[in-house]
Number of protein chains: 2
Amino acid sequence: MNKFWSPQIADLVPYTPGEQPKIADLTKLNTNESPYPPAPGVEHVLQSFDSARLRLYPDPEASDLKQALASTYGVDTKQVFVGNGSDEVLAHAFMAFFRQSKPVVKPAITYSFYEVYADLYGIDLINMPLNSEFGIDLGAFPAENGGIIFANPNAPTGKAVPLYQIEALLERNTESLVLVDEAYVDFGGDSAIALVDKYPNLLVTQTFSKSRSLAGLRIGFGIGHPDLIEALERVKNSFNSYPLDMVAIQAGVASLADKEYFDACTAKIIATREQTVTQLQELGFTVLPSATNFVFAQHRYLEGGELMGFLRTKGVLVRHFSRPEIANFLRITIGTGEEMQRLIDTLKQHPDIISLPVSAE
Amino acid sequence: MNKFWSPQIADLVPYTPGEQPKIADLTKLNTNESPYPPAPGVEHVLQSFDSARLRLYPDPEASDLKQALASTYGVDTKQVFVGNGSDEVLAHAFMAFFRQSKPVVKPAITYSFYEVYADLYGIDLINMPLNSEFGIDLGAFPAENGGIIFANPNAPTGKAVPLYQIEALLERNTESLVLVDEAYVDFGGDSAIALVDKYPNLLVTQTFSKSRSLAGLRIGFGIGHPDLIEALERVKNSFNSYPLDMVAIQAGVASLADKEYFDACTAKIIATREQTVTQLQELGFTVLPSATNFVFAQHRYLEGGELMGFLRTKGVLVRHFSRPEIANFLRITIGTGEEMQRLIDTLKQHPDIISLPVSAE
């Protein structure tokens with residue numbers, strides 16, 4: 001603590017992003033990035049970009065990107081908000097909707113940044129435990145709340161709740177915002193965007209960082225009722241008028257234009273995931289059913305932290321969380337087929353894994 | 001107001017950026033952009049960028065850019081913070097330092113976003129009037145405060161306070177943060193970065209949007225004591241881990257590498273400014289002494305809003321503020337020599353200007 005700081009700053013516990021090491025020959029399965037490059041149109045945007053235009057401010061509305069998103073998702077541009085990654089969209093949403101007298105409800109185990117935002121803006125939380133299968137039990141969420149947020153599919157579990165359960169929640173929770181963070185939805189979840197016209201308190205966020213292979217350019221968005229978008233715009237325009245730069249706006253448009261490439265990449269990742277799940281099961285892992293580009297797996301006998309350390313010494317990075325309920329799990333991003341084979345081959349080098357009987361389960 | 005909004009949101013009055021019209025053949029002198037393209041190295045960054053890398057998250061620390069800034073300004077990387085434009089740096093600074101029990105002091109007329117940030121974070125302000133020559137009177141700033149912020153050179157007046165006055169302020173104001181926003185300093189001000197090693201409560205912010213011709217890529221930075229930078233990092237990492245994208249980081253590095261180009265551009269803009277001042281004076285304007293890439297000018301007889309409207313009908317955009325003390329002024333960005341000649345020629349078409357006697361003053 002320093003005497004020039006605002007008093008609240010010393011107590012902040014910032015979010016810790018997955019490691020971005022600068023080491024060669026690593027297989028990086030720790031931050032849920034796509035193993036495939038972005039749509040070819042993105043390369044064209046970069047190479048043909050007139051750099052002289054960069055002297056000008058970008059469109060503060062990022063209208064081209066909003067229009068492309070509206071067209072892709074079948075909504076009006078007034079239902080679309082864009083930000084510098086979905087993290088910025090989420091941060092603005094906490095400010096715009098969740099500073100209420102009642103606490104905000106979230107799953108106890110979910111994207112850990114939600115707690116950080118709540119802390120930053122002085123928002124009280126109610127943490128709802130996952131059920132015995134590590135699923136989100138929306139039916140148990142309390143009626144009295146200042147808002148609800150959850151990731152669907154959830155992170156780091158990878159599990160999705162079906163859309164009918166979200167609609168049931170919206171039917172009974174009509175007095176506060178319901179925010180569904182769909183960072184991973186393109187790998188197997190059902191998007192709640194289908195419900196935004198029906199429920200004026202539903203906000204859905206998504207990102208270009210996973211299924212669109214554009215983590216490096218920072219593009220996220222929210223879709224919901226125009227009144228919700230207006231609140232986000234008010235906060236955004238009280239914070240930073242131009243969060244998306246010119247290159248990111250045009251690259252985002254190019255990515256949305258290539259549906260065929262997008263579908264092919266997500267299909268490949270889903271197929272690799274299913275193969276990886278089988279291979280992990282054969283090595284003695286139990287794997288939660290994943291609707292994402294990662295799997296959440298625990299070994300029957302071995303501890304998660306130890307396994308992560310072992311893999312790291314062999315040049316394979318996966319993510320491990322120290323929280324007791326999930327400390328035995330590894331969160332493993334789905335890379336290319338070759339990368340996942342390296343993971344499996346490396347696990348087989350572990351002295352206590354190769355000695356286990358192989359079972360098809 | 002919508003029942004799902006946080007109660008504070010309805011009262012926000014967001015910042016209004018200068019117009020970014022999509023009309024051809026406009027001379028755009030309203031948002032203080034540079035008329036020159038960024039350093040040639042920026043074009044090289046775009047054209048040679050390996051778009052496949054965009055699938056990965058950028059370096060959350062933007063270390064390459066911090067190192068280049070540290071080297072450029074002769075400080076340690078621990079004294080450097082970077083953000084998505086200096087607006088984001090300023091927003092985080094309000095959160096990190098200015099949420100104090102005492103109010104924050106600022107000039108009554110300065111960059112209008114400061115009021116918006118204060119509003120967003122619930123910070124009380126004391127507005128100090130400018131002196132009779134539209135200068136900031138730092139000597140009059142009250143000793144009891146929760147922080148001090150001002151732009152130097154100031155906007156929209158264009159006037160700079162000398163460094164010795166800032167040092168005198170720092171000598172007596174030792175218990176709260178002093179933030180000097182130097183968005184325009186490269187056009188004629190003296191940077192307070194020279195003082196950061198001596199005063200642990202001094203934070204200086206700058207931007208790549210003006211003198212480095214990179215408004216389109218959103219890069220800003222702050223320089224100060226490592227303890228101040230730590231507070232900014234805490235807020236940033238509680239908000240968005242990766243505010244600068246990969247392209248912006250590398251373009252920023254390329255811009256800093258070309259000092260010769262930077263010096264040539266700022267020198268040209270300063271020379272054009274001095275010529276424009278003379279021409280405006282000959283048309284009956286009084287012009288405040290500018291240390292920026294714009295001039296703040298009022299005509300002896302004609303009203304600012306009317307003149308702005310006249311220029312707009314002729315395809316020349318300048319900025320006008322309705323605030324009574326400065327309602328007679330136009331803020332005119334310095335463009336190329338040709339653009340400024342179009343401004344002067346257009347003003348000469350005004351029926352009440354061509355009839356005025358020309359005076360060398």
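At what angle do helix 8 of chain B and helix 10 of chain B pack, and how far apart are their axes? The angle is about 10°, and the axes lie 10 Å apart. Axes here are lines fitted to C-alpha atoms, for helices over the stretch in contact, and angles run from 0 to 180 degrees between N-to-C directions. Helix 8 and helix 10 of chain B are therefore roughly parallel to each other; on this scale, angles under 35 degrees count as roughly parallel, over 145 as roughly antiparallel, 65 to 115 as roughly perpendicular and the rest as oblique.

Before going further, a word on conventions. This is a predicted model, in which local features need pLDDT of at least 70 and side-chain atom pairs count only at pLDDT 80 or more, while totals for chains, interfaces and linings use all residues. Residues are numbered from 1 along each chain as its sequence is written, chains are lettered from A and ligands numbered from 1 in the order in which they are written, and side-chain values use heavy atoms, with hydrogens and water left out. Helices (H or I, at least four residues) and strands (E, at least two) are DSSP runs, numbered from the N terminus.

On the helix 8 side of chain B, the contact (heavy atoms within 4.5 Å) is made by T272(B), T276(B), Q279(B) and L280(B), and on the helix 10 side by G337(B), M340(B), Q341(B), L343(B), I344(B) and L347(B). By class, these residues divide into five nonpolar, five polar and no charged. For the classes, Ala, Val, Leu, Ile, Met, Phe, Trp, Tyr, Cys and Pro count as nonpolar, Asp, Glu, Lys and Arg as charged, and the others, Gly among them, as polar. An α-helix has 3.6 residues a turn, so residues three or four places apart point the same way.

Helix 8 of chain B covers residues 259-282, and its 24 residues reach 35 Å from the first C-alpha to the last, close to the 34 Å expected at 1.5 Å a residue; the expected span is 1.5 Å times one less than the number of residues. Its buried residues (under 20% relative accessible area, with exposed over 50% and partly exposed in between, for a 1.4 Å probe and protein chains only) are F262(B), C265(B), T266(B), I269(B), T272(B), R273(B), T276(B), V277(B), Q279(B) and L280(B). Their cover includes strand 9 (285-287), strand 10 (294-299), strand 12 (329-333) and helix 10 of chain B. After helix 8 of chain B comes G284(B), with a positive phi near 95°.

Helix 10 of chain B (residues 337-348) has another partner in helix 9 (residues 304-313) of chain B: the two pack at about 110°, with their axes 10 Å apart. Helix 9 and helix 10 of chain B are therefore roughly perpendicular to each other. Here L307(B), F310(B) and L311(B) of helix 9 meet L343(B), T346(B) and L347(B) of helix 10, giving five nonpolar, one polar and no charged residues. In the loop between strand 12 and helix 10 of chain B you will find T336(B), which is buried at 16% relative accessibility. Leaving aside neighbours within four places in sequence, T336(B) is in contact with P35(B), Y36(B) and T272(B).

Now for some backbone details. Most residues other than glycine have a negative phi, and most peptide bonds are trans. N32(B), in the loop between strand 1 (27-29) and helix 1 (40-48) of chain B, has a positive phi of about 55° and is buried, at 0% relative accessible area. A62(B) also has a positive phi, near 50°; it sits in the loop between helix 1 and helix 2 (63-73) of chain B and is buried at 3%. A cis peptide bond joins N152(B) and P153(B), with omega about -5°, and in chain A the bond from A155(A) to P156(A) is cis, with omega near 0°.

Finally, look at how the chains meet. The contact takes 88 residues from chain A and 88 residues from chain B. About 7,300 Å² is buried between them, 56% of it from carbon and sulfur atoms; buried area is the accessible area (1.4 Å probe) that two parts lose on being put together, summed over both. F4(A), Y57(A) and F239(A) supply 12% of the area that chain A buries against chain B, more than any other three residues.
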